[in-house]
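Subject: Structure for your review

Dear colleague,

Please find below the structure that I am handing over to you, together with its sequence. My notes on what was found in it follow.

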Amino acid sequence: MSVFSDPKLQALIDRLQAQSQAQEAETGAWFSERGKRGELSWDGFDEKSHRYMADKLVALEPDKAEFCHLLCRSLRAKRIVEVGTSHGVSTLYLADAVRANGGGGVVIATEYEPAKAAIARAHFAQAGLTDFIDLREGDLRETLKVIEGPVDFVLMDIWTEMARPAIELMGPHLRPGAVIVADNTTRVRHAYAKFLAYVDDPANGLRAMTLPFEGGLEFIVKT
Ligand SMILES: C[S@@+](CC[C@H](N)C(=O)[O-])C[C@H]1O[C@@H](n2cnc3c(N)ncnc32)[C@H](O)[C@@H]1O
């Protein structure tokens, strides 16, 4: 059973997810080759990797994205922050949940590749979801400095070196009971070390567990 009630939106999502999955084998092989040559670092992407990824979708997988949709329904989420938008696939799931919750609301999304942001906007328009999305173009360390009210849900789907700056910006805005979901926290746990140190710091009032989705999905609750 789909989380979507609109079959046209499901068809758009299916097409984009297929496009993303088709890229993934090639992307995996590219990184694996660079890894074998000792060219990769846990500290983040180098210029070559940034350039290579500049046109890749890397969409959140359907099961994880549907889980986020249902969480946002359960939380009756009205203000969602999506850290990492790309072509807007996960944004469509989140914005559809806000629309289905009724009473208005917004997904604050952010992307620093202008070409990806333009494609994402076209997808939002195609899905009739533009009114529920505030896409902020630029580096998240600037675009997420101002959040206008309490945040119900955060999707952290970003190059891992940006996860710590992002959670530092989001932490103060989380309402009690808010949820953060972070992708791939088992697959690249080393790279999430600074982010997880923030999560584990008792001063930040968070509790977390790793859910057994492929690659691991961190489920973090503001207590
Ligand atoms: C994993 S992809 C997001 C995929 C998206 N959530 C989806 O499911 O369709 C991460 C995105 O974050 C963007 N990004 C990386 N660093 C960023 C930064 N500092 N500020 C804003 N966007 C950034 C990348 O260009 C990339 O498109």
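Two residues are said to be in contact if their C-beta atoms, placed from the backbone, lie within 7 Å. Please bear in mind that this is a predicted model.

I begin with helix α4, which spans residues 89-101. This helix lies across four strands, namely β1 (79-83), β2, β3 and β4 (151-156), and runs at about 165° to β2.

These strands belong to an open sheet of seven strands, in the order β3-β2-β1-β4-β5-β7-β6 and with mixed pairing. At its edges are β3 (133-137) and β6 (206-211), each of which pairs on one side only. From one strand to the next, the twist averages 15°.

In which sense do β2 and β3 pair? Strand β2, residues 106-111, pairs with β3 in the parallel sense, over five bridges. Within this part of the sheet, A109 has L135 in β3 as its bridge partner. A further helix, α7 (residues 163-170), also packs on the sheet, where it touches β1, β4 and β5 (174-183). The direction of α7 makes about 175° with that of β4.

The last topic is the ligand. It is surrounded by 20 residues, and the closest of these are L60, G84, S86, V89 and S90. Helix α4 and strand β2, both described above, each supply at least two residues of the shell. Sorted by class, the shell around the ligand consists of nine nonpolar, six polar and five charged residues.

Yours sincerely,
A colleague

Methods. Residues numbered from 1 in each chain as written. Predicted model: local features only at pLDDT ≥ 70, side-chain atom pairs only at ≥ 80, totals over all residues. Pairing = 2+ DSSP bridges. Axes fitted to C-alpha atoms, helices over the stretch in contact; angles between N-to-C directions. Near = placed C-beta within 6 Å. Nonpolar A, V, L, I, M, F, W, Y, C, P; charged D, E, K, R; others polar.
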